[in-house]
Amino acid sequence: MLKNVLPGFALIFFATQAYAQPIKLHPANPHYFLFNGQPTLLITSAEHYGAVINKDFDYVPYLDELKAYGLNYTRIYPGAMFEPLGKFIKGNPLGPRPQSLILPWARSSEQSYLFGGNKFDLDKWDPAYFARLKDFIAEAGERGIVVEVCFFNSQYSDSWPLSPLYYENNIQGVGKCDYEDAQTLKRPDVVKRESDYISKITQEVNAFDNIILEICDEPSLFVPHADAGPWVGHLLQVVHDTESKLPKKHLVAQEEEGPIGGPIDFSGSPLLSVIVGQYVWEGGMEQLGGMRALDTEYHHNKVIELNETAWYPIGYKGDVVAASRVEGWEFIVGGGAGFNHLNGRFVPGDPAGKTPDNAQVLGALHNLKEFMYSFDFLKMRPDRNFVVSGIPKGVYCRGISQPGEQYALYHHHSQLEERNHYYIVTPGNYLETLVLNLPGNMYTADWVDAASGSVLDTVKFTHQGGDHPFITPRHAVDVALRIKRVH
């Protein structure tokens, strides 16, 4: 009996081992992820990056809430940059109370850190911090959640004086410069400590499969592209060189900022796996918006993320729930692989974000994930050609397809905010006739309500090939269409 059982156990063991590897680009279609042996989309609405550095933030109920909605992605800043208490919103997780701040560097015996307590010793690391970092990643992994570790954000005039890398806050006196030079190659002493910080965290998290390493958010927000770009390139090399000596190799992400092909466009670099866009189109700061990334960078055959949106709810106008919904649906149904909605409902006082409006936000993203996973999306590519006509002015529409087999389409009635930062939805009582060009086959078509996830109408039809009209259900803002060939 034992001999008969062992092969089965061996099969399970080797299958498990095959899945035990870091999230990576899917070899069959590198525009999507492979995680735990499955084709994967990363979709979430997440807290403002302070879950680890803010001890007041109880991340277990937060992660539980993401899991409850089937969401599988979050993002953290691990310590080089954090914000003053209460900046932007009350309860900003990235703006901790002084007594609740925990960072990678150990405290010294010397007093007078500007934010409270003792100064930092940049030659020593804090074991308690790394225990919290690893516990957060492990708890996320148990729930199937991928953590994007973003080492840096552009320093602000009010954040740089709080950083351990600022000269008044460390006993080494490193960092005698202003915030505009802190993340360039102009100050070798700072660059060395920044490189050490990246290398240390990369080493500490190497054992985890559920992480993506990201270099810097908005690197040229206050710095010329020509100065920020070489600094980002240097740190990309630091991550590569560090991981070259470690067992596991992880995806590396970087936001593209400035002109396409410019100093902060690393989309063609072999050191980069994930192309990051932020906001819908640009954000008014020369950022590569998520939708623009789909239009301009898809040819690199890498994953494209939209990993920061306007900050919900303060960053939107009008119907803020619907405005949040439409950008996620358009981006993912348009061919994106990672979407992170920035959510101000997750705060230390309510880490699970238990508000009625947040339930709607999270529910719509759950519906998006269910909609996409109803397809064999690995075989699909962005496709603007199967919709021949019927999209009126004031409608944003994207779709992906495997021609003749499966089609996903989503459209919404909105206008772009003046900075191209987010959508302002334009509710109404809409009914359109869309004309789609399809090969001859038998198909099933489902109209899906993005807000509720419910199927509004289903039609099975035999098509001889060519143009075919589809009348949408009446809808107030948006609607999705799923078409599959009947085999």
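## Where helix 3 meets helix 4

Y129, F130, L133 and K134 of helix 3 touch K200, I201 and E204 of helix 4 (contact means heavy atoms within 4.5 Å). By class, that contact has 4 nonpolar, no polar and 3 charged residues. This is a predicted model, where local features need pLDDT of at least 70, side-chain atom pairs count only at pLDDT 80 or more, and totals for chains, interfaces and linings use all residues. Residues are numbered from 1 along each chain as its sequence is written, and side-chain values use heavy atoms, leaving out hydrogens and water.

Helix 3 (residues 127-142) packs on helix 4 (residues 188-204) at about 50°, axes 11 Å apart. That makes helix 3 oblique to helix 4 (under 35 degrees is roughly parallel, over 145 roughly antiparallel, 65 to 115 roughly perpendicular, the rest oblique).

## Aromatic pairs

There are 30 aromatic pairs in the structure (ring centres within 6.5 Å; planes under 30 degrees apart are stacked, over 60 edge-to-face, the rest tilted). Take Y316 and Y422: their ring centres sit 5.5 Å apart with planes at 65°, so they go down as edge-to-face. Y316 is in the loop between strand 12 and helix 7, Y422 in the loop between strand 17 and strand 18, so the pair ties together parts 106 residues apart in sequence. Y316 is buried at 6% relative accessible area, and Y422 is buried at 3% (buried means under 20%, exposed over 50%, partly exposed in between, with a 1.4 Å probe and protein chains only).

W329 and F371 make a tilted pair, 5.3 Å centre to centre and 40° between planes.

Terms used: Axes are lines fitted to C-alpha atoms, for helices over the stretch in contact, and angles run from 0 to 180 degrees between N-to-C directions. Helices (H or I, at least four residues) and strands (E, at least two) are DSSP runs, numbered from the N terminus. Ala, Val, Leu, Ile, Met, Phe, Trp, Tyr, Cys and Pro count as nonpolar, Asp, Glu, Lys and Arg as charged, and the others, Gly among them, as polar. Rings of Phe, Tyr and Trp (its six-membered ring) pair if their centres lie within 6.5 Å; planes under 30 degrees apart count as stacked, over 60 as edge-to-face and the rest as tilted.
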